Amino acid sequence: MRNLLKQKCSVYQLFTAVGTFPYPDTTPSPSLSKRRGKDPPIFQATSAACYIRKTIQKVSQINKSNHRFTQNIYFYNQHKTYNMMRRTFQGMIALILLSLLNVFGQPPNRMWNSREITVSLKVKDRDSRDVLPAVLVVFTNLKDSSRHFTTTDDNGIATLEIKPGRWHVLLKLVGYQDTSFVIAASEDVFLGTVYMKPASKQLKEVEVRVSASEEGADKTTFLVTKELKENTTTARDVLQKLPGIQYNPFEDAFMVDNNPNILILVNGMEKSAEYVKNIPPDRILKIEIIRDPTGRYGLEGYSAIINIILRDDYIGYDVSYSGMVAYTPFLESVPYKVPFAFSGLSGSYTYNKNTIYASVYSWMPRPPRIETDSMHVQVPTGGTIYVYNLPPDNRPINNYGTVWGMRASAGFDHIPHPGQILSIEFSHRRDIVPTSFSGAWQVSDRYVYIDTLSGLTLTLDTNYAIARQTISFSENNRANGYMKIQPDKTNILTIDLRISKGDGYSANNFSSGTLKREELTKNTTLRWRAIAEWEKHWFENIGSIIGLGWHNRKEAGNFVFHTYNNDVHVRSDSITTNMALSRFQTYAYLSYSPGKFIIKGGTAFELYDYSVDTNRLTVSVFQPALDVLWKFHKMLSLRLRYRVRFRYPSIRELLPSITSIDAYTYQTGNPDLKPYYVHKISLQLGAYGGRARIEPYFQWSNNYITNAIDTVSGYRVVLKPVNAGFFSRYGVNAAIPVPLGKKIFALVNFDIYKENLKVNNTIRSISDFTSFFMIAYTFMDRKLSVGIMQINSVSMNITATGYKMGGERHADMWIFFLRSFWLKRRLSVGISYVPPLRLLGADYAFVTYNEINTLRRWSVVDIVPTRNSIALRVSYSFSKGEIKKRKKQRDETEDIPQMF
């Protein structure tokens, strides 16, 4: 008996001893069984199972002349030709066998088919022995053909939960040969290291027909597959296909969840935006989307981060051009017919371990607009005064301007080893406003008084010139340095340095009737920052991130104001300011991934020292954060997120000087203004690796900064920022890709919310929504696509006196587009039309509403004329490169059993 227990055997041999196996037609993979002359680890059995095998062999000898029995008790009805006694006897043997295996070889109360097991593996390059991230891993059940997908992480490890049984495993990665094998798993198992062989024809990519994605603790990662790169010429096109990302083609700007306050990185580095947008799709490995970022980006106030990760084994060169020009043939009474245009050229060259790149970009937005004002004032003696400020009938457009901007950058990247980077970039930016006129023509001012008692109506119409003319010039020079060091696979150190210097000048002239005001501004700014971050993987499922940062800014400004009445000088004011800002930052986060859960928590701390002349503000703040991700199903997940955002008052909000906003409204600062916290908690239901999600959320603050009324004199109102009472916002955010077929691509994104603000025992509330919708149909062998897009990101925000409806970048439109591809899909030509449709909230207008005691006022900036336009967009991208073969090197840190 003791000798029998010491003999080695396998589960596969155990079952075949009686001619049965839990799944039909089950044979071990030859590649597994032949390696090292023994069975794979997953077929190793206990000594108790070996004893059972020897015992059953004696029983099976009785049936040597019979057909081999190839099923267990779950499939015994398939062979009806056997006689009932023999089938019953062998079924009893199999039942006893499975029961003993469940006792000796499996955990208690865990049945073969009624539970899920965890299978993991590690993937490396066969030649260089480097880990391979973003490898698509497909598990196919050989019994019911069900499939499960996952991708390898940055350490080359893939983990998936499957049911016990026999599975076909397929590994795919662009630039590598497909790797496949068969396993039979009955318990949690690590399959070891799989080595993938580089493809012999590097330019022939593996076609992956799925959009692979993976959810992490605080980010969603999308593998850039061949399907995702179809009909794309630049990274700009690839990003538009990802759920939750919106692109405004008229301003060449991206948004995440309809919020433009985002940052796009390349390999974790801040690069020139033009270079990033024109990266060829073949160089992109994967894309990460981080919503509500923590650490350094959370302290900077970004709502989302997009990180484009490039291949580190690509050599070659690329040249990309992208340009757009809009034309408005339907407009009249304007000096030009081109409301917007941009043009950008970039290129890069990669050889060996070095990459050099350069880009130049120019833009010219000149949107014509219609500005109107209306004001109602209750007179204490009885009656109502109505004041309307409207464009004359013969001049429907009363606001237009000209802006020209240019940015140029050049950089150098050195990658001595995979995962290690040294980067330097220089950039120059120049913005010029040669002439910008607000109300460049006459304005109709209608004054109406209605006496409540007598019913007498008095109407007075006047036409006079009202104009705002601005001439400005600014330039900024910046140098960035970035270094990433990875001494081993468990430690990553990054250092980010930046220094920039900017100069600006502006002259603003405002006239209304006999009143004229001149405002002259000069300023010089010097900024620098240094950030160091250490990422440590302590164990397989425990990691940490620690960072330190120091920001410093010095700004000197000179403001001069002159006031005239009937061309007679009335008053002059001059203010000279010296501003200094110092921010010391530190943050630490710990992540833990026990099984189906991923938990990440920590806090950021900042010591903020801000001084303007004799005024000084010193604040220390904490920004805690928590992420809990529960992957409770192979296709579904729940994410609990808690964030704290902190906002400091701007220099304009702190300065006590008064500046004019329009003919009726002035703005003054508040030196006593304090910063404030905004807390946010949300619960997100995700599906398909984060490609679809719905997220209810709640935000609140007890010290919100908002504009309130300081004084009212006649019809003129002076606004002053104050720290208000309780602020809250709650709503639902969702991003859903709609599967409509291989030729139809559709995305839906929306945010429905309600805001409340309590000031001086008065509660104001507003409700609104933002939305994004796109559907495109491709035909003619995917060389032509047509579609429609709707972007509504101009939303209302509560104030102490009412609300404001606007956005940092205006994106409120419908777009009908047609796009075709030429020259082997390197050239893309698109035509789009933006109609003046007022549907689903897209009303093409900025609105400000104030209600102050007996005064109510509406200010509307209508940009319908801008949207009634046709645009032509051209993109061309040429790249020539290949996947380089690395020299084979010994992996000294390899401590995991190998499969191939």
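Two strands count as paired if DSSP finds at least two bridges between them. In this predicted model, strand β12 (residues 262-266) and β13 meet that condition, pairing in the antiparallel sense over two bridges. Across this pairing, Leu-265 stands opposite Glu-270 in β13.

Both strands belong to an open sheet of six strands with mixed pairing, in the order β8-β9-β14-β15-β12-β13. The edges are formed by β8 (213-215) and β13 (269-270); each has a single partner strand, so one side of each is left without a neighbour in the sheet.

Ala-734 is buried because its relative accessible area, 1%, falls under the 20% cut-off. Leaving aside residues up to four places away in sequence, Ala-734 touches Arg-693, Ile-694, Val-748, Asn-749 and Phe-750.

The mean pLDDT of the chain is 77, with 77% of residues at 70 or more.

| Element | Residues | Mean pLDDT |
|---|---|---|
| helix α3 (lowest) | residues 30-33 | 35 |
| strand β36 (highest) | residues 692-701 | 94 |

The pLDDT is below 50 over residues 58-85, a stretch that has 42 contacts in the model beyond near neighbours in sequence. Residues 437-442 also stay under 50, and the model has 27 contacts for them beyond four places in sequence. Where pLDDT is low, predicted coordinates should not be read in detail.

Notes: Residues numbered from 1 in each chain as written. Predicted model: local features only at pLDDT ≥ 70, side-chain atom pairs only at ≥ 80, totals over all residues. Heavy atoms only, no water. pLDDT = per-residue confidence, 0-100. Helix = DSSP H or I, 4+ residues; strand = E, 2+ residues; numbered from the N terminus. Contact = heavy atoms within 4.5 Å. Buried < 20%, exposed > 50% of the residue type's maximum accessible area, 1.4 Å probe, protein only.
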